[in-house]
Amino acid sequence: MQWYFVASLLTILTSSQGILTTLSQSNGGYKYDYATVPFLAEVFKLLVSSVLLWRECKRSPPPRMTTEWKSIRLFPIPSIIYLIHNNVQFATLTYVDTSTYQIMGNLKIVTTGILFRLFLRRKLSNLQWMAIVLLAIGTTTSQVRGCGEASCDSLFSAPIQGYMLGILSACLSALAGVYTEFLMKKNDDSLYWQNVQLYTFGAIFNMARLILDDYRSGFEKGPWWHRLFNGYSVTTWMVVLNLGSTGLLVSWLMKYADNIVKVYSTSMAMLLTMVLSVFLFNFKPTLQLFLGIVICMMSLHMYFAPPTMLVDLPLTVKSAPESHLDRRTNS
C-alpha cells in the first residue's frame, strides 16, 4: 500500500470527523456522553488490530513480536503525553478564546519538524524547512478572520500564561507524535502487535478518565458503564468508527512513512473541512481561506516534489567518459 494513498484517505476521514461530530449534536448539544467516544474508538482499534494480528500469526513465518517488559513498558508513554496534553488544552482555553487557540495550535506544525530533526535525527533540506513554515503560515492564514471583527484584536490581547500554555500544548502534541514514530520504527515487530500494545494502554487510560469523571461528579449520572451507549445514534457510531479508523491509518503512517506526512494530511483535512462547511453549514468563504489554501498547496509541492522540479540544477559533465575518449584518441 502506497503512503500517499493512506495519507489521502487520512485527509478525507479527518476532514469528515468534525462534520460528523457536528451532525451528531441535537439542539446544539450532545445526548450522549462525549467522553465515551474516545474509549470506544480505542476498543475498536484494539479489536481490529487483534484480529489482524491473529490472522498474521496463522501465516508462515509468524510475525516478529517482542514480548520483553523493557520494550512493552515504553508503550504507555504516548497515552500519558496525550493525557497531559488534553489537560494543558483545557488550561489554555481558560486564558485565550477558541479562535486564538486554533491559530496557536498551528505551532505544532513547526514543533513537529523541530522534534523530528532533534529526536529522530532525520535531516530536512532547506526547501523542506521552508515548506513546513509555509504550511504553518497557510493554515494560520485560513483561520484568521477579518480584521474588523473582535476576534482579530483578541489574538494579541491574551495574557502571557495563555501563550506559554499554547506553546507547551504544541510541543506536547509534537512530542507524542514523534515518540510514537520512534516506537513504531525502533524494531521490525509486526505493526499489528505494536498497535495492540498502544491501544491496550490507550483503552486503559480512557477508562481511567471515565472513572475519574464519575468521582468528580459524585456518580450523579451513575457509573460510566451504565451510560456507555446512552443517546447513541447512527451518526454517533459513525464518529466512533471514523475516529478509530483515523487512528489505525496514523499508526500505519508512523510505521511506513513519518510524522511530516501525517502533519500534511491533518492540515489539508482542516482546509477540506472548511471548504465542505461552505456547502453543508452555510459557512461563508473568505479571502483568507482562499489564500491559505494556495499557500498550503505551494508548501505541499515544495516538500514532496523532487528538487529538480523546483530548482534548475546545472548539468554536470562526467569526467570519466571524457578521459576514456582521450585515451582512445591518443592511441
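In this predicted model, pLDDT (the predictor's confidence in each residue, from 0 to 100) stays under 50 over residues 317-331. For that stretch the model has 1 contact (heavy atoms within 4.5 Å) beyond four places in sequence. Across the protein chain, mean pLDDT is 86, and 89% of residues reach 70 or more. Local features need pLDDT of at least 70 and side-chain atom pairs count only at pLDDT 80 or more, while totals for chains, interfaces and linings use all residues. Residues are numbered from 1 along each chain as its sequence is written, and side-chain values use heavy atoms, leaving out hydrogens and water.

The protein chain holds 15 helices and 0 strands; helices (H or I, at least four residues) and strands (E, at least two) are DSSP runs, numbered from the N terminus. Of its 331 residues, 42% are buried, meaning under 20% relative accessible area, with exposed over 50% and partly exposed in between (1.4 Å probe, protein chains only). Among contacts with a separation of 6 or more, 83% join residues 24 or more positions apart.

Helix α13 spans residues 287-304, 18 residues in total. From first C-alpha to last it reaches 26 Å, close to the 26 Å expected at 1.5 Å a residue (1.5 Å times one less than the number of residues). Its buried residues are L289, G292, I295, C296, S299, M302 and Y303. Cover for the buried residues of α13 includes α7 (126-143), α12 (259-280) and α14 (307-310). The face turned away from the buried side carries exposed L287 and F290.
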